[in-house]
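Hi everyone, thanks for coming.

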Amino acid sequence: MASVLWLQGGACSGNTMSFLNAEEPNVVDLIVDFGLEVLWHPSLGMELGNQAQKIFTDCASGAKPLDIFVLEGTVIEGPAGTGRFDMFADRPMKEWVSELAAAASIVVAIGDCACWGGIPATDPNPTDSTGLQFHKRKKGGFLGADFVSKAGLPVINIPGCPAHPDWITQILVALAAGRTADIALDELHRPQTFFKTFTQTGCTRVQFFEYKQATLSFGEGTRTGCLFYEFGCRGPMTHSPCNRILWNRQSSKTRAGMPCLGCTEPEFPFMDLAPGTVFKTQKVSGVIPREVPEGTDHVTYMAHSAAARVAAPQWSKEDMFVV
Amino acid sequence: MTTVDLHVSPLGRVEGDLDVRVTIDDGVVSSAWTTAGMFRGFEMILRGKDPQAGLIVTPRICGICGGSHLYKSAYALDTAWRTHVPHNATLIRNIAQACETLQSIPRYFYALFAIDLTNKNYANSPLYAEAVRRFAPYVGESYQPGVVLSSKPVEVYAMFGGQWPHSSFMVPGGVMSAPTLAEVTRSVAILEHWKDEWLEGQWLGCEIDRWLENRTWEDVLAWVDENESQHDSDCGFFIRYCLDIGLDKFGRGVGNYLATGTYFQPELYDHPTIEGRNAALINRSGVFANGQFSDFDHLRVSEDTAHSFYKGSGLLHPWEGVTDPIDPADGAKEGKYSWAKSPRYDVPGQGYIPLEAGPLARRITAAAPGAAAHQDDDPLFLDIYHKIGPSVMVRQLARMHEGPKYYKWVRGWLDAIQLQESFHSKPVEHESGKGFGSTEAARGSLSDWIVIENGKIANYQVVTPTAWNIGPRDGDGTLGPIEQALVGAPIADQEDPVELGLVARSFDSCLVCTVHAYDGKTGQELSRFVVNGNI
């Protein structure tokens, strides 16, 4: 049995909606079979008004033990450090976050917003939004670089916009089952078991990437090719299991012909969505991708590319995902 | 007379954080104030960005209706760039948008709304034990499958969009994907399963065509008693329980409605324009105010900030809107109390009035005269409106009525996809243009206004269904739709005012949606605001 309190700061509720898509376990299994006790959740909680406030104050004071504090959404610090852009239960939400993070055994950030600010923190960051322990890639965020929860852990980040339901449920189950020691985190506090691999790992277009064959148009154009060359796909530079653990049990963005936006990385949305950057690969000298796959460089990339194109078999220039 | 001022913060399960303050006179709500307590400033983020940034950013305004945000932002660009949209792309956009709503119908009903039906305030009802058995959170016999099966329709969304929530696969000129045969056949299979297991098996207790035969309120009552299966279905039980505990008696609201419509007939909208929009819609647009129907015209939409945390108080069309946020602590001194603005519509001959958005608005609009052959033409809810008036129950039934209807439409659209034909026409990315895109999210009318200048966004504005419904008083002191709907609600227990929850939740508002749906002319204002904050 583990108690969970889930609150939303500067949030869209997308991670909650994603969570509700879960199967094995689904949200009902988590509670009925795995013994997660959801003390309150904005979409699921029974209590309102004073009754809800009492749960929060009891958790903050320690009167009610809080095993896992989950935050979805940014911590809003504006205007001028007051936090009044986000009032919750009669106080700035950031005050609740401070107290509850200090009281909880384990603190989990779900989704980019809570991890590092996400879209609300995009330039010009109108609400002074930040993540729990990171601001974009910089460690610190709202709770500070040195924060550790009562269990001695930093904030566990489950990024994504939204996070995949399985990433959420499996980590919650692991925490509730006492497997905390098995959750190895990377330098961005992401569980490595999910975020060591690339979005490209398992992508159905990887053979086209191998031979440098580009998708040249959307729609029927995505029956062939790789989206990295023209449409700004970040699959080779983004760490996620999106093509290992499929979305809604069916597909992934890249499988469906949509370029990966890199939403499990702190820089999302990349280049702050500046004119000319959306769904377009940024290039140098008109042909070479400005960003090349992680761990390589332009010279190596070009050499590999030239060889790959020579080696490209005829099928790699034809439609593969046919009717 | 006993007057009580009751402040409820937070009022949960409305998707986002809502605060409600009501005055109660002798056990009945006499006035109400609704407060949206959060601001994120999306419009400022969009300003100066890539014209297509809205396809990525606006779905993240609201994770509940992100697909609806994507749908209307794609059409805003289609109209601004004067694109060609192949028929297949229109069909897939329709399918995806409708599947998001099919997800929302059971998820909202069981996870957010029906829990209140198990409140101890209704323990005296002879049907109470049955309500608890069905709807109790997590353990209810209907709650479990209802919530779990709600994830099925969005599996179909993922088939075409890669994932739900938060795909950006609809782009000006069409969609990014080109399905193979298996994506279409699996979609059919998933929907069939969902229909058998939940829509017919659990919710209706009959075939969807039998339900859709209902044309009047008497038909609905006769349907309940027609056989045991329908009588004992969740829908049959819900109607009986509502009538027993009086959910047909309060939550009336303003009684005036707005639908901007959604889903396009492919051959009528392959060159999307603002002017051609109404005629191409399948789910019709329209306004119903004080008993009169009129055509929807986006130029008649304005927003008022008299009681919202922004400077100024005038009525401005979104294309001319100014948003100038102020510290809520300062706003409170001027009587302002919400981050939501108050959208108003200039009804011909009636002036600017608040209108309710949502499924009931759509259902009433569907009964307007003059439907074309391709358009939804359904008299049921206008009949119910005239016979028993709007209420918590009627609003809820309107939402649920769309399940069978949309299911049939999606199946038809899936059948119409021509797999060998085109799904995208590359658009000319014009340096400048103005666009308007709109749809019906599960919870009501959702619209974008975009202005593109010099290859970037000069202004971007979103008006959400939640803003329509949850907005505060306007400059004339006229209450917003939910505020008005709260008036007259009986409060049995002030320590646990479940009736407030029922009324507010019957609108299925997402506060996360409301509070950042403002225009883009604020780029220079926050610094001024910070100065104010320091004073």
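Let's begin with the second largest cavity, which holds about 110 Å³ of space. A cavity here is a set of points on a 1 Å grid over the protein atoms alone where a 1.4 Å probe fits but cannot get out, and lining residues have an atom within 4 Å of a point. Grid points are joined across faces, edges and corners, and a volume is the space filled by probe spheres set on the points.

Before going on, a word on the model: it is predicted, so local features need pLDDT of at least 70 and side-chain atom pairs count only at pLDDT 80 or more, while totals for chains, interfaces and linings use all residues. Residues are numbered from 1 along each chain as its sequence is written, chains are lettered from A in the order in which they are written, and side-chain values use heavy atoms, with hydrogens and water left out.

Who lines that second largest cavity? There are 18 residues, and nearest its centre lie Cys12(A), Asn15(A), Cys113(A), Cys161(A) and, from the other chain, His166(B). Helices α1 (14-19) and α5 (112-116) of chain A each supply at least two lining residues; helices are DSSP runs of H or I with at least four residues, strands are E runs of at least two, and both are numbered from the N terminus.

The largest cavity holds about 290 Å³. Of its 23 lining residues, the closest to the centre are Gly232(A), Arg234(A), Phe270(A), Met271(A) and Thr277(A). By this rule, the count comes to ten cavities of 30 Å³ or more.

Now for the interface. In total, 93 residues of chain B are in contact (heavy atoms within 4.5 Å) with 80 residues of chain A. The buried area is about 7000 Å², with carbon and sulfur atoms giving 61%; that is the accessible area (1.4 Å probe) that two parts lose on being put together, summed over both.

How many salt bridges cross between chain B and chain A? The rule finds four, taking a side-chain nitrogen of Lys or Arg within 4 Å of a carboxyl oxygen of Asp or Glu. One of them joins Asp327(B) and Arg84(A), at 2.5 Å, N to O. On the side of chain B that touches chain A, helix α7 (residues 153-161) of chain B gives the most, with six residues.

That's my tour, and I'm happy to take questions.

Notes. On a 1 Å grid over the protein atoms alone, a cavity is a set of points where a 1.4 Å probe fits but cannot get out, and a pocket is an open set with protein on both sides within 12 Å along at least five of seven lines; lining residues have an atom within 4 Å of a point.
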